[in-house]
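This report goes through a few parts of one protein structure. Please keep the sequence and the model in view while reading.

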Amino acid sequence: AATALVPSGMEKLPNGQDLTDYVAPGYTYDPKKAAQLFKSGLAEIGKNSLKLTITADSDNPVGKAAVDYIKETWESALPGLTVEEKFVTFKQRLEDTKNQNFDVALVLWGGDYPEGSTFYGLFPSDSAYNYGKFSNADYDAAYQKALTTDALDPVAGADDYKAAEKALYDEALYNPIYFHSTKALQNPNLTGVVYNAIGLQVDFTYAYKK
């Protein structure tokens, strides 16, 4: 389960702490509180039920399992909510999210380099990847500070990303669901293989067989 926007193993701070652990805003699973908030929300809009559609990629088996899980847990925890599943091709989902043709969308992202901006760069107000078109001044300011004033200071930059993460968390603008991971077997006679959390996942440049 994801604890922050940035995945674990991507970047280490100078003191050795994982950036993910440092910025984690405190995501918890609290179905009782969720039910209370949902009930209040329904009262606010004058309804006693709500239907939401979750859009995901049809060509991603993991996405199908994730949406099934979300539907089951949300409907169980939130009386009055009906979740419909909508699966379209990756190409169509890109178009739908770019054009805000969705209620809720399950979107995956993989970073390109081991620094927080490869993920936090997705959500500024003017980002093409900000599919919800949310605008948060605190987030924008923290992100820009990380790229400019604190660009050469990894500790200060981590503080900026922590502030940016909290800005999204406080308004539930985007919510990380899970960190993608893969299990594999490796021949014990093969050494020098490098596994990366971002970018090139498996690097055989210095690999050799004993």
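Helix 6 and helix 7 cross in a left-handed sense. The model is a predicted one. Helix 6 covers residues 137–147 and helix 7 covers residues 154–171; the two pack with their axes 8 Å apart, at an angle of about 165°. An angle over 145 degrees counts as roughly antiparallel, and helix 6 and helix 7 are therefore roughly antiparallel to each other.

Which residues of helix 6 and helix 7 meet? From helix 6 come Asp138, Tyr139, Ala142, Tyr143, Lys145, Ala146 and Leu147, and from helix 7 come Gly157, Asp160, Tyr161, Ala163, Ala164, Ala167 and Leu168. By type, the residues of this contact between helix 6 and helix 7 divide into 10 nonpolar, 1 polar and 3 charged.

Strand 1, residues 50–57, pairs with strand 3 in the parallel sense over 2 bridges. Ile54 has Val104 in strand 3 as its bridge partner.

Asp96 belongs to helix 4. Is Asp96 buried or exposed? Its relative accessibility is 5%, and buried means under 20%, so Asp96 counts as buried. Leaving aside neighbours within four places in sequence, Asp96 is in contact with Lys86, Val88, Asn101 and Phe102.

The backbone angle phi is the next topic. Most residues other than glycine have a negative phi. Gln100 is not a glycine, yet its phi is positive, at about 55°. Ala172 is likewise not a glycine and has a positive phi, of about 50°. Gln100 sits in the loop between helix 4 and strand 3, while Ala172 lies in the loop between helix 7 and strand 4 (190–191). Gln100 counts as partly exposed, and Ala172 is partly exposed as well.

Another loop residue is Ile198, which is found between strand 5 (194–195) and strand 6 (202–203). Ile198 counts as buried. Where along the chain is Asp112 relative to Ile198? The two are 86 residues apart along the chain, and their C-alpha atoms are separated by 5.7 Å. Asp112 is also one of the contacts of Ile198 when neighbours within four places in sequence are left aside; the others are Met10, Gly111, Tyr113, Pro114 and Phe119.

The table lists the relative accessibility of the residues discussed above.

| Residue | Relative accessibility | Class |
|---|---|---|
| Asp96 | 5% | buried |
| Ile198 | 12% | buried |
| Gln100 | 35% | partly exposed |
| Ala172 | 43% | partly exposed |

Conventions
Residues numbered from 1 in each chain as written. Predicted model: local features only at pLDDT ≥ 70, side-chain atom pairs only at ≥ 80, totals over all residues. Heavy atoms only, no water. Axes fitted to C-alpha atoms, helices over the stretch in contact; angles between N-to-C directions. Helix = DSSP H or I, 4+ residues; strand = E, 2+ residues; numbered from the N terminus. Parallel < 35°, antiparallel > 145°, perpendicular 65-115°, else oblique. Left-handed = near helix turned anticlockwise from the far one by under 90°. Contact = heavy atoms within 4.5 Å. Nonpolar A, V, L, I, M, F, W, Y, C, P; charged D, E, K, R; others polar. Pairing = 2+ DSSP bridges. Buried < 20%, exposed > 50% of the residue type's maximum accessible area, 1.4 Å probe, protein only.
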